[in-house]
Amino acid sequence: MNPPDNQRTEQLDIDASTRWPVLLLFGSALSWLLVGGLLEIFASIQFNVPAFLSECAWFTHGRLSAAAESALVYGWGMNAGLAFALWLMARLSLSTLRSGGWIMVAAVFWNSALTLGLLGIFGGANTSFELLEMPRFVTLLLLGSYLLMAVWIITTFSIRNTENVFASQWYLLGAALWFPWMYFVARTMLFTAPVHGVVQPIVDAWYVNGLYGLWFTPLALAAAYYLIPKILGQPIYDYYIAPIAFWWFAITTAFAGGARLMGGPVPAWVSTIGSVANFLVLAAVIMIGVNLLGTLAGRVGAAQKSVTLRFILLSVAAFFVAALLNLLLAFRGFAQTAQFTFIPVVRDWTIFYACFSTAMFGAAYFLLPRVTGKAWRYSSLIRIHYGATALGTIGLVAGLGWAGWHQGQMLNDASVSFDAIVNTLAPWHAFHTGALILLAFGHLAFAINFVFIACPVNSRRTPAAVIQAPPAMEGAKA
Amino acid sequence: MRNGLAIFCGAFLVLALSWAGVLLTAHRQLTGLAQYKDPAEDTLFPEPLNGLADQGRAVYQDLGCASCHTQQVRREGLGGDIARKWGDRQSVARDYIREKTVLIGTTRFGPDLRNVGKRIPEADYFYKLLCAPEATVGGVALAHGMPSFRFLFDLHPAIAGQPSVDAVKLPGASAVPAGYELVPTLRAKALVAYLMDLKDTYEYPEAHPFSESAKGEGEHAK
């Protein structure tokens, strides 16, 4: 083996400097993914068996689903996103990650605040505002510990040793800055100094749209912009349009929140601006598509060989599906049927799970062996994880999308009784539960592999993740 | 784009524009929205929630009812809300100024509740429905698919000859065992008071923005 050149040693140092913060954040993220996934499955079962866990106020459906959402978004989503962002920013800035200790302290605070918040929801302090369900007392704890972690994304960038700034870095910087501001604004305008009447749902819609569109999507795009060219060894197809796409995506997405309130008791301009923004964002989606798909063009076969890129392909596909669903929901004719059904649920799930979470899975398969210097223990578990994710994601989006359209048609037909709608949806709720269980199996497979790669106990060091060829058959020798 | 400060300022500006453009503008427009004074009756609408109903609003919030129920009626011609008799007119911003927290909801796995107090005017029916949603009256379930909220009720031994005034009488199979009675707690009473107060009946001038009669007039003139 050739001795690594200088840049390679530098990169090894950088990866090693992120090791403990990344492992702690990813470990917490995975724990929340398992816990939140279980809560989500329970909440889904309650649609089929309303009596399930209904004896106790703590697990009534409204609280259970709120807790599941918070655990997945703030537990899995934010922990994994921050781990990935810190690592990628250090790598792209050619600068080691300083102050890993602070990040780990902040991560402990973040996860403790989250635990308190979930207990608050179960115990009766659920605020019922979408994605802001956690009680008032966690606001400052969450905000403070987030800032203590995210500030290192910005400082690492400011001491970068590179001439060029890469596209992924804009998305990372944007996301790092946007979340605390949106969170602060939403918590202040809803709880500290509550706004009047229907301004509250407007604030909530603005925040939900912002969290999905300006935190989770940018992180997924940062992963795609970095990993596709990196693994294929190809430059981005047309780098000139990348900054235009970034700014256009940011400004249009920031205004798209009102579209969630179409037909609601709010001034018409609120939802109109949102709908127009969902149209305008298409220009950015096309530019991003040209860049990512242009880089992939003719190399999909090569991409399929990398488990990371398989996940990233899923994520990129989901990015387009989410944009399409946002566009469709901006049409009044579509929205009057699709609103309030499974379809907006699927849209949000597509962004959070199918786009963001799969990107984080892909990134994890790339970065964890480099950060720890170890190989993945079981390649069979990787295949199970990918298979479960791909099947569960495609099934869930297609199945619930179809069910949602049917649900909307029945809701708009006054001659169909509400009991009949509940009965028609019952098999689809069971389907939803089944898909969530399938995804949970994938998470479990990933978690087992993670334990092996993260624990110092099993320190079997190998240079790279290698999937072993099957042993030659005995008969062939003879 | 190589200048970190430019990226930082740009990202800041993007969100500042959206915050000022959407949230502050909406806040400025709606914060002065006050009760409407009916010129003939000389009364203010919407009437404020009474104390018990306002506590019920908090129960509605902490139990997460809004995760399956909306509280917004879309206008005639947009979906089937009016046809389903979820309201006589569309919901308008003024309807909500009496509520401290406004939970208009995003999914309808349960029916819309904005005018549920008008559809179901009896407290007793609400108690039965919260206690035993699957119990049937005349072959129809009270609230098919909804979880039971029995934890909002106290089961205690009945005193012979002195039944509680507000003991809930459940129909059929879900009936209370003999010698016991099921009594709503304060939280149940508050929640029901809130639900019964959910009725937007007053016709504000802005509640009918599209005049159907005007369309008819035009056709008539031909």
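What percentage of the 222 residues of chain B count as buried? The share is 40%, where a residue is buried if 20 or more other C-beta atoms lie within 10 Å of its own, exposed if 12 or fewer, and partly exposed in between, with C-beta atoms placed from the backbone. For chain A, 56% of the 478 residues count as buried. This is a predicted model, in which local features need pLDDT of at least 70 and side-chain atom pairs count only at pLDDT 80 or more, while totals for chains, interfaces and linings use all residues. Residues are numbered from 1 along each chain as its sequence is written, and chains are lettered from A and ligands numbered from 1 in the order in which they are written.

**Overall form of the two chains**

- Chain A contains 16 helices and 0 strands; helices (H or I, at least four residues) and strands (E, at least two) are DSSP runs, numbered from the N terminus.
- Chain B has 6 helices and 6 strands, and from the N terminus on its elements follow the order α-β-β-α-α-α-β-β-β-β-α-α.
- For chain B the radius of gyration is 23 Å, but a compact globule of 222 residues would have one near 17 Å.
- Along the principal axes, the C-alpha atoms of chain A fill a box of roughly 75 × 60 × 45 Å, and those of chain B fill a box of roughly 75 × 65 × 35 Å.
- In chain A, 84% of the contacts between residues at least 6 apart in sequence join residues at least 24 apart; two residues are in contact if their C-beta atoms, placed from the backbone, lie within 7 Å.
- In chain B, residues 24 or more positions apart account for 70% of the contacts with a separation of 6 or more.

**The nonpolar core and Ala359(A)**

- The largest nonpolar core has 214 residues; such a core is a set of buried Ala, Val, Leu, Ile, Met, Phe, Trp, Tyr and Cys residues joined through C-beta atoms within 7 Å.
- Helix α7 (residues 199–232) of chain A supplies the largest share of this core, 22 residues.
- Among the residues with the most contacts inside the core are Leu219(A) and Ala359(A).
- Leu219(A) touches residues that include Phe84(A), Tyr171(A), Phe356(A) and Ala359(A), not counting residues up to four places away in sequence.
- Ala359(A) lies in helix α13 (residues 342–372) of chain A and is buried, with 30 other C-beta atoms within 10 Å.
- With residues up to four places away in sequence left out, the contacts of Ala359(A) include Leu219(A), Ala223(A), Phe311(A) and Ser315(A).
- A distance of 42 Å separates the C-alpha atoms of Ala359(A) and Ala414(A), which are 55 residues apart along the chain.

- Helix α6 (residues 167–192) of chain A has 26 residues and reaches 37 Å from its first C-alpha to its last, close to the 38 Å expected at 1.5 Å a residue; the expected span is 1.5 Å times one less than the number of residues.
- Because 19 of its 26 residues are buried, α6(A) is largely enclosed by the rest of the structure.
- Between the chains, 68 residues of chain A are in contact with 60 residues of chain B.
- Helix α6(A) gives the largest share of the side of chain A that touches chain B, 8 residues.
- That side of chain A divides into 41 nonpolar, 22 polar and 5 charged residues; Ala, Val, Leu, Ile, Met, Phe, Trp, Tyr, Cys and Pro count as nonpolar, Asp, Glu, Lys and Arg as charged, and the others, Gly among them, as polar.

**An enclosed helix in chain B**

- Helix α5 (residues 186–196) of chain B has 9 of its 11 residues buried, so it is largely enclosed by the rest of the structure.
- The buried residues of α5(B) include Arg187(B), Lys189(B), Leu191(B) and Tyr194(B).
- These buried residues pack against α2, α3 (116–119), α4 (123–131), β5 (153–157) and β6 (180–184) of chain B.

**Backbone details in loops**

- Leu53(A) has a positive phi of about 60° although it is not a glycine, and its place is in the loop between α2 (19–48) and α3 (61–92) of chain A.
- With 17 C-beta neighbours inside 10 Å, Leu53(A) counts as partly exposed.
- Asp42(B) also is not a glycine and has a positive phi of about 60°; Asp42(B) is exposed, with 7 other C-beta atoms within 10 Å.
- The loop that holds Asp42(B) runs between β1 (36–37) and β2 of chain B.
- The peptide bond from Phe45(B) to Pro46(B) is cis, with omega near -5°, and Pro46(B) lies in the loop between β2 (44–45) and α2 (51–62) of chain B.

How values were computed:
The radius of gyration is taken over C-alpha atoms; the globule rule is 2.2 Å times the number of residues to the power 0.38.
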